[in-house]
Amino acid sequence: MRTRTLRFASTFVAVLTILVAPDRAAAQFGALEAFARKVTDLSFYFNAGGLFSGGEDLRTDDGGLQQFGVELLFSVGSVDRVTGPAPTQTDTARLVWTEMVVVKSDDGSEDTTYVYEVRPTPAPTAPTEAIWYFEMGFGYGQMSGFESSDPSLDLRGTIRDLPAVSLYASYEPWGAYVGLRTGYQKLQSLQVFDENGVSFKGRAENFFAGALVGYAKEFAGLNLFVETAVGLRDFTSVEWSGPIGTPPLATLPRALAVSAWTVGTGVQFALGN
């Protein structure tokens, strides 16, 4: 249903590969270009929400959770249905020009012969439309808006997803879709300040998993969507470090549960036609 030639996406992916691994870029460019031809949209989203209840160390701050991200989407397949009968075939064979032969005579004149082959005409196919449309996305996301449940600790930081991988299944007649998302998450710039203003830095990384459901509608040439999602985000081991000679506080959490629900909206831009 969506066939696009995506020079922008091809260039983007190729340049990224050259920057990351220049010694392999030449060998991989052909594969990346083929991959980029399937890219359909560039998506931006913003979500808001809150942490699930039951966490002992964290709570949602007064502004609530904020999550934003960007995603590059590409087609992985569709399920189509026939919408009408196939057109009646009128010609079963066709002449296809294959070559031109030029023969020069002894008197200098030339005789040109055009060679044709008789080939069968492909049978016309019935018109179809996509019922289910499947896409995969690669992107980046960031979430903030949580704080320590202990009022004596001032906790600040964000969670970054890089990369985040999503798989979507869209039911085209309704404009509805469901999705699964996973990827690598990392606590970024995590700091805790105690009552004396002493700063302790935390590090943790893990994988996350989530599910979402949404609705998309085309408006003024753009695909607008709204969605709700749940994400399972548990950092099972947090490593803390403080000023030299200062041991970490006993009250610092050894693990952080940041599983949350979100609702949000976004927009998709088609990359070419």
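A polar contact is a pair of N or O atoms within 3.5 Å; within protein, one atom must be able to donate a hydrogen and the other to accept it, and residues adjacent in sequence count only if both atoms are side-chain atoms. This is a predicted model, in which local features need pLDDT of at least 70 and side-chain atom pairs count only at pLDDT 80 or more, while totals for chains, interfaces and linings use all residues. Residues are numbered from 1 along each chain as its sequence is written, and side-chain values use heavy atoms, with hydrogens and water left out.

View 1. S259 sits in the loop between β15 (256–257) and β16 (260–270); strands (E, at least two residues) and helices (H or I, at least four) are DSSP runs, numbered from the N terminus. Its relative accessible area is 12%, so S259 is buried (under 20%; exposed is over 50%, partly exposed in between; 1.4 Å probe, protein chains only). The S259 side chain reaches the backbone nitrogen of R233 at 3.0 Å. A polar contact of 3.5 Å joins the side chains of S259 and D234. Leaving aside residues up to four places away in sequence, S259 touches L51, F52, G231, L232, R233 and D234; contact means heavy atoms within 4.5 Å.

**View 2. The largest nonpolar core.** This core has 20 residues. Such a core is a set of buried Ala, Val, Leu, Ile, Met, Phe, Trp, Tyr and Cys residues joined through side-chain atoms within 4.5 Å. F146, F235, L256 and V258 have the most contacts inside it. β8 (154–171) and β9 (176–193) each supply at least two of its residues. β9 gives the most, with three. A second, separate core of seven residues includes Y45, L73, Y168 and Y177.

**View 3. Around F146.** Which residues does F146 touch, not counting those up to four places away in sequence? They are L51, L58, R59, D61, L65, L155, G157, T158, I159 and V258.

**View 4. The W132 and Y171 ring pair.** The structure holds six aromatic pairs. Rings of Phe, Tyr and Trp (its six-membered ring) pair if their centres lie within 6.5 Å; planes under 30 degrees apart count as stacked, over 60 as edge-to-face and the rest as tilted. The centres of W132 and Y171 are 5.1 Å apart and their planes are at 55 degrees, so this pair is tilted. W132 lies in strand β6 (residues 128–144) and Y171 in strand β8, so the pair ties together parts 39 residues apart in sequence. W132 is partly exposed, at 35% relative accessibility. Y171 is partly exposed too, at 22%. Ring pairs link W132, Y171 and W174 into a cluster.

**View 5. The Y184 and F207 ring pair.** This pair is edge-to-face, with 5.9 Å centre to centre and 75 degrees between the planes. Y184 is in strand β9 and F207 in strand β11 (residues 205–219), 23 residues apart. Are the two residues buried or exposed? Y184 counts as partly exposed at 27% relative accessibility, and F207 as exposed at 58%.

**View 6. Arginines over rings.** R181 lies over the face of Y45, at 5.2 Å from the ring centre. R233 lies over the face of F208, at 4.3 Å. A charge sits over a ring if NZ of Lys or CZ of Arg is within 6 Å of the ring centre and within 35 degrees of the ring normal.
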